[in-house]
Amino acid sequence: MTPASIFLSYAREDAPSARRIAEALRASGHEVWFDENELRGGDAWDAKIRRQIRECTLFLPIISAQTQARPEGYFRREWKLAVERTHDMAAGIAFLVPIVIDDTVEGDALVPEEFLRVQWTRLPGALPSPAFLQQVGRLVAAPRGLVRATPGTSGGHARPAGPSPAVAPGQVPEATGSAPATKKPRRTPLILAGIGAAVATVFLVLRDRPTPAPHPVPATTAAPAAAAGAAAVPASGAPAPATATAELAKSIAVLPFANMSEDKENGFFTDGVHEDILTNLALIRDLKVISRTTVVRYRDSKKSMREIGDELGVAYVLEGSVRRVGSRVRVTGQLINTRTDEHVWAKSYDRDLTDIFAIQAALAQEIAGALAAAISPETRQQLARRPTENPAAYELYLRARDVRNRAPTSDRKALEDAETFLKAALDLDRKFAIAWGELAVVHSLRLFWEQDISPARRQQAEAAAAEARRLAPDAPEVIRSLGTYAYYAFRDYDQATAAFQRIIAQQPNDASGHASLALILRRQGRWNESIASQRRAVELDPANISYLRNQLSTYTHVRRWNEARAVQQLLIVLLPGDLYEQYQACELEYEATGDLTPIRSYLAKLTPEMRDGPAGRFIRKNLARELGDYAAFRAIHEVDPVIAGFEQREIAVWQAAVMHLLHGQPALARETAEGLLKELNERQSAGGPREMRAQQTRALALAVLGRTDEALNLLGELDAILPESRDALDSSFNAWARALVLALADRKEEAVEELRGLLAKPTRFGVHRIRASFVAHKLRGYAPFEALLADPKHHAPLY
């Protein structure tokens, strides 16, 4: 085993649960060994198990009703071997990390006594939470010399004054103090000093060949609330900085502030103050600050501070309120230790509205002081900045940001409204640098989403970016805006990379810089580097839905199915009751295995109300298309041609045209395709720029009409505009579109060659997705096509 490795021990009946935990660890950067050949047993096998336990860094026994029901089993030998190894360890070394996957009670558990002296981690349903993954990462990465018990400490944790109880070697020490015999001993968090990126190995040992578990069917009701925080970092009872690692001790989530104004329309102002406080805290290098997009889910949450801290992996939570009356504003805040529920600090600021920036700066510095976070002179200078002297301009800026925050990044109306607010703000203050930067971002997004790709729009974007750069070239908000502008307006990866690397250098614990860099690296085809940056972003902001979805997309493109499954399971935990997210897990299982059973089982569990809702209609329509069930597809399509919130009009229409064509309705196919072409032609002004996405749709509509050469020429033009060297992510869609055009024209050999090139690189169109596509309808049974999809290398991980 590697120097930093994990041994996962479990009863054979818990193999599916062990596999789920292992996949989640792999998705977090830990290498997972899952060797089916280890099923054979015998002396050599036994010797290998003993060696693995002797060499591993952490020993994770899985405890459950299954282990309770088996008083004998090989896993119990493993447990005894692990306990024996602790006898040779120095006191305080972290080694035993018991994991409970159901409601087994510690006091009743049939486990070695040594297991009861350490902190247990509960993962209901074996669903690893972000906090659990962070926790294991800290344990594995911690230098072993830093986790020894030293005078006055236990496993790197400071003790209160007084006698130190004995700590057994190999165990994470308990909190100090003697517990009465009638009570369970208090447990210390599984957190040790030391931060690093060491790669761990999880060695899964299978005793007997288990019966293959059925594919999990996501529940159609909300997941238990405890699931998201199942791997909680429990309270130790000691002051936070003394009982946590340096990273955890200086980690904070700022919950959405309450709007206490009589005018509830001031909600945008309250949210704006909240976001600016987050921005200021992120400037402090020592602090780990959870992003706005993550904490906004906790608005009006009934969860306890400890639950929230556990789910987000933070030691502190800041909650507060904003009351605005005329030109006066009152901001209150209180800092809470999530492990003790202690109110560490509280303060109110009642000032004139023109002092809002001073209030935000004071809050950030007070919090930094409470968390013992160092603030450099440069950071103090940044915190003291006043972005504008005009309160009305600031209010308009907050309105612009608010409308964007409440809508998808591609929402046309939100971008138009944001542009209006920002221009009005700049009319009031032409020196408002961060408003210029935000305006450059809005222009760049309208260009990227092809809402307006006119030369005038591009010139406005350039002008706004230039003005932001001229006014405040070193402001973090401006640097970030310029990176976003370069990425979305021009695909200028060098300039965008330089901007986000600068942000990372200034704010190493700010996840957004790492997440943005990951997107750039992915489009450059630097997949391994992108994966590393995504992992760092998720490590810093473990419950960020956007980051997790991007990570899932990357894993799917490179066919790393186990990592993708683990991320998808985290999304389900974080979004309980989300029908589409649960369906996506079934879709992923189909892409990984080719088995449609999970999807069918999932649909069978939906209530009539769920089936007939927008998400249910989309799921049924999508499945009908994949199965080639024309009658079911048409029944839904004729009632709801474009399912709002789930389908884009152009894509839904051309998909319908192809379905009609493939299922013996050529006249209806022609009518649909011609209507789509007419719509696209009317939208494109004579001699104006040609939108990439519209042109791809145009090519597919031409193919339905039998105008194959025109379609291929159009796709060739798009290849020249956006080659793989400029965009390794989106360019694969052109290859797939070309394969479909060729297949519809019965040019089978050329279509197969196009697919061969597609499968040789990262793509959203894997083997099983191709099997369920329109292409397969035309090529199914064609020997070269079947051989291509049957070749194992075309389904194996690429990176």
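Biologist: On what terms are the residues numbered and the values computed?

Modeller: Residues are numbered from 1 along each chain as its sequence is written, and side-chain values use heavy atoms, with hydrogens and water left out. The model is predicted, so local features need pLDDT of at least 70, totals for chains, interfaces and linings use all residues, and side-chain atom pairs count only at pLDDT 80 or more.

Biologist: How far apart are the end C-alpha atoms of helix H28?

Modeller: Helices are DSSP runs (H or I, at least four residues), numbered from the N terminus. The expected span of a helix is 1.5 Å times one less than its number of residues. Helix H28 covers residues 649–662, so its 14 residues should span 20 Å, and this agrees with the distance between its end C-alpha atoms, 20 Å.

Biologist: How many of the 14 residues of H28 are buried?

Modeller: Buried means under 20% relative accessible area, with a 1.4 Å probe and protein chains only. Among the buried residues of H28 are Trp654, Met659 and His660. What covers them includes helix H26 (614–627) and helix H29 (666–683). H28 is mostly covered, and its buried residues number 11.

Biologist: Which residue follows helix H10?

Modeller: Helix H10 (residues 305–312) is mostly covered, with six of its eight residues buried. Those buried include Met305, Ile308 and Leu312. The residue that follows H10 has a positive phi, near 70 degrees, and is Gly313.

Biologist: How many disulfides does the count come to?

Modeller: A disulfide is a pair of cysteine sulfur atoms within 2.5 Å. Cys56 is buried, with a relative accessible area of 1%, and Cys586 is buried, also at 1%. By the distance rule, the number of disulfides is zero.

Biologist: What is the volume of the largest cavity?

Modeller: On a 1 Å grid over the protein atoms alone, a cavity is a set of points where a 1.4 Å probe fits but cannot get out. Grid points are joined across faces, edges and corners, and a volume is the space filled by probe spheres set on the points. The structure holds three cavities of 30 Å³ or more. The largest has a volume of about 60 Å³.

Biologist: Which helices each supply at least two residues of the lining of the largest cavity?

Modeller: Lining residues have an atom within 4 Å of a point. In the largest cavity they include Phe357, Arg386 and Tyr394. The helices that each supply at least two of its lining residues are H11 (356–370) and H13 (391–405).

How values were computed:
Buried < 20%, exposed > 50% of the residue type's maximum accessible area, 1.4 Å probe, protein only. Contact = heavy atoms within 4.5 Å. 1 Å grid on protein atoms, 1.4 Å probe; cavity = no way out; pocket = protein on both sides within 12 Å on 5 of 7 lines; lining within 4 Å.
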